[in-house]
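Please consult the sequence and the structure alongside the text.

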Amino acid sequence: QVLLVESGGGLVQAGASLRLSCAASGRTDSTYLTGWFRQAPGKEREFVASITRRGGATGYADSVKGRFTISRDNAKNTVYLQMSSLKPEDAAVYFCAVRTLQSLQYNFWGQGTQVTVSS
């Protein structure tokens, strides 16, 4: 089991920055990949960014490339999502998720943190 707790969401104006955190506990040594996803009202959940636990290889959705940066601190078992130049269309509930070594898909999810961007 891996428990994930997101934090850092809030209300910001367009153009501002925000940093989300995803703190993991439990069997964190079994983590292969951590991802950030988001879901806006009436829309499907979409992939935002991911990072491997070892090596730190990253991936981004085209919509956030150049604006968002994912990073991790393995000593703190925390993954961050630095969001810059926020747009109203970035507003959503942001979730972090983990894919363990034994799984082919993300198998542990956090509860989410709300990001609201005013224009």
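The model is predicted. Glu-6 is buried yet has no salt bridge. Four strands form an open sheet, and strand S5 (residues 46–52) is largely enclosed by the rest of the structure.

- Glu-6 belongs to strand S1, which covers residues 2–7.
- A salt bridge would require the charged atoms to lie within 4 Å.
- Polar contacts of the Glu-6 side chain are instead made with backbone nitrogens: that of Gln-111 lies 3.1 Å from a polar atom of this side chain, and that of Gly-112 is reached at 2.9 Å.

**The four-stranded sheet**

- The strand order is S1-S3-S8-S7, with antiparallel pairing.
- S1 and S7 are the edge strands, each pairing on one side only.
- On average, neighbouring strands of this sheet are turned by 15° against each other, with direction ignored.
- S1 pairs with strand S3 (residues 18–26) in the antiparallel sense over six bridges. Within S3, Ser-21 stands opposite Ser-7.

- S5 counts as largely enclosed because five of its seven residues are buried.
- Strand S4 (residues 31–39) pairs with S5 in the antiparallel sense over six bridges, and Thr-34 stands opposite Ile-51 of S5.
- The hairpin formed by S4 and S5 has six residues between the strands, and Gly-42 in the turn has a positive phi of about 80°.
- S5 also pairs with S6 in the antiparallel sense, over three bridges. The bridge partner of Ser-50 in S6 is Gly-59.
- In the hairpin of S5 and S6, five residues lie between the strands, and Gly-55 in the turn has a positive phi of about 95°.

**Gly-66 in a loop**

- Gly-66 lies in the loop between strand S6 (58–60) and strand S7 (68–73).
- Gly-66 counts as exposed because its relative accessibility is 83%, where the exposed class begins over 50%.
- Gly-15 is 51 residues from Gly-66 along the chain, and the C-alpha atoms of the two are separated by 13 Å.

Technical notes: Residues are numbered from 1 along each chain as its sequence is written. This is a predicted model: local features need pLDDT of at least 70, side-chain atom pairs count only at pLDDT 80 or more; totals for chains, interfaces and linings use all residues. Side-chain values use heavy atoms; hydrogens and water are left out. Helices (H or I, at least four residues) and strands (E, at least two) are DSSP runs, numbered from the N terminus. Buried means under 20% relative accessible area, exposed over 50%, partly exposed in between (1.4 Å probe, protein chains only). Lys and Arg count as positive and Asp and Glu as negative; His and the chain ends are not counted. A salt bridge is a side-chain nitrogen of Lys or Arg within 4 Å of a carboxyl oxygen of Asp or Glu. A polar contact is a pair of N or O atoms within 3.5 Å; within protein, one must be able to donate a hydrogen and the other to accept it, and residues adjacent in sequence count only if both atoms are side-chain atoms. Two strands pair if DSSP finds at least two bridges between them. Axes are lines fitted to C-alpha atoms, for helices over the stretch in contact, and angles run from 0 to 180 degrees between N-to-C directions.
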